[in-house]
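Q: Please go through this structure and say what each label rests on. Set the value against the cut-off wherever a word has one.

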Amino acid sequence: MTIAYGFNSVFILYRYYTCSKTMPGSLGFEEQDAKTFASWGIDYLKYDNCHHDGSKPIEKWCSCLLCFDLQPYYMLIYCFNFSCRYPVMSKALKKAGRPIFFSLCEWGEMHPAEWGFHVGNSWRTTRDITDTWESMISRADQNELYAQYARPGGWNDPDMLEIGNGGMTNDEYIVHFSLWAISKVLQLIFTFFMLVDMHDVAYLV
């Protein structure tokens, strides 16, 4: 595993507000925001699902037909399975002039592993992880249900690695990293490296 330096990422809500509920999200401004992200040199966009407005994907199927460059048969299949919002941002990113990794984060609620490859580069298969053995194992078990959908350029995402955050033992962190490695999932670590124990760093090199 390589630890990348100079990797720029941004986490954005695909509704009206970000997850902090204090800043505007990208809904309705996808092309403008995609161009802005590209101008910033962003490499990775996580499109989150906070503060859901309660709308159902099937309610938006008519507008969904405008979002795809697919044959009509496939349009109908996919439009009845998820909202138009992810495809809109996907198309905006493709036109932004810079390759940006597109991470779909709707917590696996609509089984994005089954359709995410047509829209983004990774998709959450679980709810958020916490730095405990029980949470980690449950996310691994949930993710296993979608193992067959992982492929080059499209990855299942059972959420970030918690290595170094202090909630598990060293042996448990070894299991955590090993499970994520053998599961062919997106491997991002969520920790403050300046405070990480050197034993934890050894798992990553």
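A: A helix here is a DSSP run of H or I of at least four residues, a strand is a run of E of at least two, and both are numbered from the N terminus. The model is predicted. Just after helix α1, Gly41 takes a positive phi of about 80 degrees.

Q: How many helices and strands does the protein chain have, and in what order do they run?
A: The chain has seven helices and five strands. From the N terminus on, the order is β-α-β-α-α-α-β-β-α-β-α-α.

Q: What share of the protein chain counts as buried?
A: A residue is buried when its relative accessible area is under 20%. By that rule, 45% of the 205 residues are buried.

Q: What share of the contacts joins residues at least 24 apart in sequence?
A: Contact requires heavy atoms within 4.5 Å. Among contacts between residues at least 6 apart in sequence, 62% join residues at least 24 apart.

Q: Why are α1 and α4 called oblique to each other?
A: Two packed helices are described by the angle between their axes and the distance between the axes. For α1 (residues 30–39) and α4 (residues 85–94), the angle is about 45 degrees and the axes are 8 Å apart. Roughly parallel needs an angle under 35 degrees, roughly perpendicular 65 to 115, and roughly antiparallel over 145; the rest count as oblique. The two helices are therefore oblique to each other. Their crossing is right-handed.

Q: Which residues of α1 and α4 meet, and of what class are they?
A: Glu30, Glu31 and Ala34 in α1 meet Val88, Met89, Ala92 and Leu93 in α4. Five residues of this contact are nonpolar, none is polar and two are charged.

Q: How do you know that the buried residues of α1 line one face of the helix?
A: The buried residues of α1 are Glu30, Asp33, Ala34, Phe37 and Ala38. Seen down the helix axis, they fall within an arc of 140 degrees, so they line one face. On the face turned away from this buried side, α1 carries the exposed residues Lys35 and Ser39.

Q: What makes α5 roughly parallel to α6?
A: Helix α5 packs against helix α6 (residues 170–182) at an angle of about 15 degrees, with the axes 11 Å apart. The limit for roughly parallel is under 35 degrees, so α5 is roughly parallel to α6. The crossing of these two helices is left-handed. On the α5 side, the contact is made by Trp133, Met136, Ile137, Arg139 and Ala140; on the α6 side, by Glu172, Val175, His176, Leu179 and Trp180. By class, seven of these residues are nonpolar, one is polar and two are charged.

Q: Does Leu179 count as buried, partly exposed or exposed, and why?
A: Leu179 lies in helix α6. Partly exposed is the range between the buried limit of 20% and the exposed limit of 50%. Leu179 has 23% relative accessibility, so it counts as partly exposed. Leaving out residues up to four places away in sequence, Leu179 touches Met136, Ile137 and Ala140. Leu179 and Ile137 are 42 residues apart along the chain, with 8.9 Å between their C-alpha atoms.

Q: Why is Asn143 called buried?
A: Asn143 belongs to helix α5 (residues 133–144). Its relative accessibility is 2%, so it counts as buried. Beyond its neighbours within four places in sequence, Asn143 is in contact with Thr125, Thr126, Asn156, Asp157, Pro158, Ser183 and Val185.

Q: How do you know whether Ser103 is buried or exposed?
A: Ser103 is in strand β3 (residues 101–104). With a relative accessible area of 0%, Ser103 is buried. Among the residues it touches are Tyr44, Leu45, Ser122 and Asp157. The C-alpha atoms of Ser103 and Gly120, 17 residues apart in sequence, are 6.2 Å apart in space.

Terms used. Residues are numbered from 1 along each chain as its sequence is written. This is a predicted model: local features need pLDDT of at least 70, side-chain atom pairs count only at pLDDT 80 or more; totals for chains, interfaces and linings use all residues. Side-chain values use heavy atoms; hydrogens and water are left out. Axes are lines fitted to C-alpha atoms, for helices over the stretch in contact, and angles run from 0 to 180 degrees between N-to-C directions. A crossing is left-handed if the near helix is turned anticlockwise from the far one by less than a right angle, and right-handed if clockwise. Ala, Val, Leu, Ile, Met, Phe, Trp, Tyr, Cys and Pro count as nonpolar, Asp, Glu, Lys and Arg as charged, and the others, Gly among them, as polar. Buried means under 20% relative accessible area, exposed over 50%, partly exposed in between (1.4 Å probe, protein chains only). The arc is that of the directions from the helix axis to the C-beta atoms.
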